[in-house]
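Here are some notes to read alongside the structure. They are numbered so that each point can be checked in turn.

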Amino acid sequence: MSEHSVRRAHWSELGLDDLYGIVRLRNRVFALEQRVTAEDFDGRDREPDTEHWWIAAGDDAAAGVLAYLRLIRPAVDEVQPDGVVPAGWVIGRVATAPEHRGKGFAHRLVGAVLEAHGSDPVLLHAQEYVAGLYRRSGFEVFGSPYVEAGIGHVGMYRPGRP
């Protein structure tokens, strides 16, 4: 495996060092940096269809996770845009280690997900200040901005490609 390669696994396939790196990054970004008090581990990580995507610091899993996202199936009550094919996937929990931001890691993860699942419509809930990252990947804002965990968000949707 090359340095900074994109990795993907379901819950049952995650190694302990990879899981530790993912949990550590999510805690660092969401709990410590953004002060989100809502429960991060909502049970969706372990669902059979959930995919964990990340970029590690190198071949050694213990070296750490530089960037991460979670791909889940939409919840039954998931808000989606009107008049479109409902999304089959939702990108969430996107996090990049502060010292590695601006290097394109999150964009690379989103691109890998879209390469693997691009024929399906995809939904995400972006923090407003990073919506441009997702626009570069073909996502469009829908609905009104809202606040979640004290942070401004927007719903974004990308149709599947034929």
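1. Start with the open space. The model is predicted, and its largest pocket has a volume of about 1200 Å³. The lining of this pocket consists of 45 residues. Lying nearest the centre are Phe 30, Arg 93, Val 94, His 125 and Gln 127.

2. Which elements give two or more residues to this lining? They are H1, S3, S4, H2, S5, S6, S7 and helix H3, which covers 131-135. Strand S4 supplies the largest share, with seven residues. By residue class, the lining holds 22 nonpolar, ten polar and 13 charged residues.

3. Next, the sheet. It is open and has seven strands, in the order S1-S2-S3-S4-S5-S7-S6, with mixed pairing. Strands S1 (6-9) and S6 (140-148) are at the edges; each has a single partner strand, so one side of each has no neighbour in the sheet. On average, neighbouring strands are turned by 25 degrees against each other, direction ignored.

4. What does "mixed" refer to? Strands of a sheet pair through backbone hydrogen bonds, and the pairing can be parallel or antiparallel. Strand S4 can be followed on both counts. With S3 (residues 65-72), strand S4 (residues 89-96) pairs in the antiparallel sense over five bridges, and Tyr 68 stands opposite Ala 95 in S4. With S5, strand S4 pairs in the parallel sense over three bridges; here Ile 91 stands opposite Leu 124 in S5.

5. Helix H1 (residues 16-33) lies across S1, S2 (51-56), S3 and S4, and runs at about 90 degrees to S3. Helix H2 (residues 105-117) also packs on the sheet, where it touches S1, S2, S3, S4, S5 (122-127) and S7 (151-158). The direction of H2 makes about 140 degrees with that of S2.

6. Is strand S5 enclosed or open to the outside? Five of its six residues are buried, so S5 is largely enclosed by the rest of the structure.

7. Tyr 134 is a residue of helix H3. Its relative accessibility is 6%, and the limit for "buried" is under 20%, so Tyr 134 counts as buried. Leaving aside neighbours within four places in sequence, Tyr 134 is in contact with Val 94, Val 110, Leu 124, Ala 126, Phe 139 and Met 156. One of these, Leu 124, is the S5 residue that stands opposite Ile 91. For scale, Tyr 134 and Ala 116 are 18 residues apart in sequence, and their C-alpha atoms are 16 Å apart in space.

8. Ser 5 is in the segment before S1. At 12% relative accessibility, Ser 5 counts as buried too. Apart from neighbours within four places in sequence, the contacts of Ser 5 are Trp 54, Ile 55, Ala 56 and Arg 108.

9. Gly 160 is in the segment after S7. Is this residue buried, partly exposed or exposed? With a relative accessible area of 28%, Gly 160 is partly exposed. Setting aside neighbours within four places in sequence, Gly 160 is in contact with Gly 118, Ser 119, Asp 120 and Pro 121. Gly 160 and Gly 15 are 145 residues apart in sequence and 31 Å apart in space, C-alpha to C-alpha.

Methods
Residues numbered from 1 in each chain as written. Predicted model: local features only at pLDDT ≥ 70, side-chain atom pairs only at ≥ 80, totals over all residues. Heavy atoms only, no water. Pairing = 2+ DSSP bridges. Helix = DSSP H or I, 4+ residues; strand = E, 2+ residues; numbered from the N terminus. Axes fitted to C-alpha atoms, helices over the stretch in contact; angles between N-to-C directions. Contact = heavy atoms within 4.5 Å. 1 Å grid on protein atoms, 1.4 Å probe; cavity = no way out; pocket = protein on both sides within 12 Å on 5 of 7 lines; lining within 4 Å. Points joined across faces, edges and corners; volume = space filled by probe spheres on them. Nonpolar A, V, L, I, M, F, W, Y, C, P; charged D, E, K, R; others polar. Buried < 20%, exposed > 50% of the residue type's maximum accessible area, 1.4 Å probe, protein only.
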